[in-house]
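Here are some short notes for a first look at this structure. Please read them beside the model.

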Amino acid sequence: MASKPLFQKPRYELASPAGWSIVLGAALLVASIVFTASKGFSGYWIYSGVVSALYLLIGIGAWQENGAAVRMGVGVFGVFAVMRLGTLLLNFSWSKIGMAILFAYLSWEYWVSLKAMREAEALGADDGDGGGDGENDEEDTPMISLVLLLSEPKYLDEKVLGGILETAWGGDYTSGDEDRQDGFVVGGDGVPFLVKSPQGVFLIHNWPSRYPDISDETIEGWRELRTRKALEDHQAWLSVDLLNGASQAFSGEPRNPEDFYPAIIRLIVELADDKALALFRPETGQISVWSDDVFEKLVRPRGLSEFNQQDDPVWRIESEDPQMEAAVAEAKRRWPEFAAAFAGRAEGDSFLVKAPVTAGGNTEFIWIDPIGMEPEVLHGRLLNQPVDLGDLREGSQVEVPVEDIIDWAFRVGEGRASDCSPKDRPGLGVAGLR
């Protein structure tokens, strides 16, 4: 097993037994040196020095997650516990009982840690890198995974992630009681987390960098501007990946790969916070801008097939687009029709216009709800959430020149809506241009 930084806390619940081993070894070594200096060498203190070195070797090795040291800890402290109990038959003392209990505790703790290490190594070896891309994976096996794109890194350790798992999936991941726990979490500190649970075995990545599969070319080619901004702004990511083959249930019965997504979605929702920008599905390449109602969208029937459908998309349209040029010309030609209807508006009538709005150094074409109009200026409120217009938000009041309006629509009473949108270009859903 690879070594780790010396002062980094070990995984697999090894901190406690390793720490006790080092303390015992150091105390016994100091006592051996002091007594040897005062009374000279003797067979007993030579024995004490050897035992103290053994404790230190076990403790330091276990702190470094060395499997041989952990196995040695199970055996050595187990034997010493039995020896201490045996000496009670000849000479009873409470200190011997205390030491026997301590040695038995350390042997047990090392055994629990050794078992966790073996399970983690066995599960990790099944899939190589665990992400569905190993050399031994089937080429046509899809990656069952969801990736959360973040504006900044998220802090996670085994205990924090265990609590999140309990909230998302229920069960016990943090008590430390092997008989009670429904699963375990190991990893972190520069390596992925491995999670074993009744839902399956999962790998959870948490990296302070851009997601490697989203290139600058991907971002540049993305036409929906809300998604594009999320891709541009993300600086970290975390993912929940299913291990051991997408079609294997851990009860031994085959399952549809998509059966695993509800559990992944529930965990992703609990992992998300105000740093979440978008959700990426590597299996299909779909990307959805993060919102508070993602869970409700994804768990409903056909939720995954509607993964990247935005409620108010903003599309990038080139200024030289012939359809756009024709639509703008039509809107301007028929503008008096809209102005007359707005001047005679009554309660229940509805009107909207689309115009460029500039703020924060950016310009977006966005729908506006008119609240008043002068001959050359229209006053209104934004009908959609801007992508990147500084402090402007949905409902913010703006003023736009009438000559800049490029599209409009209205409905008078119960009559049919009137608009100037050709059927072969984006309709009255939000469209945009930056």
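1. Is Lys275 buried or exposed? Lys275 counts as buried, because its relative accessibility is 19% (buried is under 20% relative accessible area and exposed over 50%, with a 1.4 Å probe and protein chains only).

2. A word on the source. This is a predicted model, where local features need pLDDT of at least 70, side-chain atom pairs count only at pLDDT 80 or more, and totals for chains, interfaces and linings use all residues. Residues are numbered from 1 along each chain as its sequence is written, and side-chain values use heavy atoms, without hydrogens and water.

3. Lys275 sits in the loop between helix 8 (261–271) and strand 6 (276–281) (helices are DSSP runs of H or I, at least four residues; strands are runs of E, at least two; both are numbered from the N terminus). Neighbours within four places in sequence aside, Lys275 contacts Leu149, Leu150, Ser151, Glu152 and Pro153 (contact means heavy atoms within 4.5 Å).

4. Now Glu394. This residue is in the loop between strand 10 (377–382) and strand 11 (397–401). Leaving out neighbours within four places in sequence, Glu394 touches Leu382, Leu383, Asn384, Gln385 and Pro386. Ile368 is 26 residues from Glu394 in sequence. Their C-alpha atoms are 9.5 Å apart.

5. Which helix gives the largest share of the lining of the largest pocket? Helix 4 does, with 6 residues. At least two lining residues each come from helix 1 (15–39), helix 4 (94–126), helix 5 (158–169), strand 2 (184–186) and strand 3 (193–197) (a pocket is an open set of points on a 1 Å grid over the protein atoms alone, where a 1.4 Å probe fits, with protein on both sides within 12 Å along at least five of seven lines; lining residues have an atom within 4 Å of a point).
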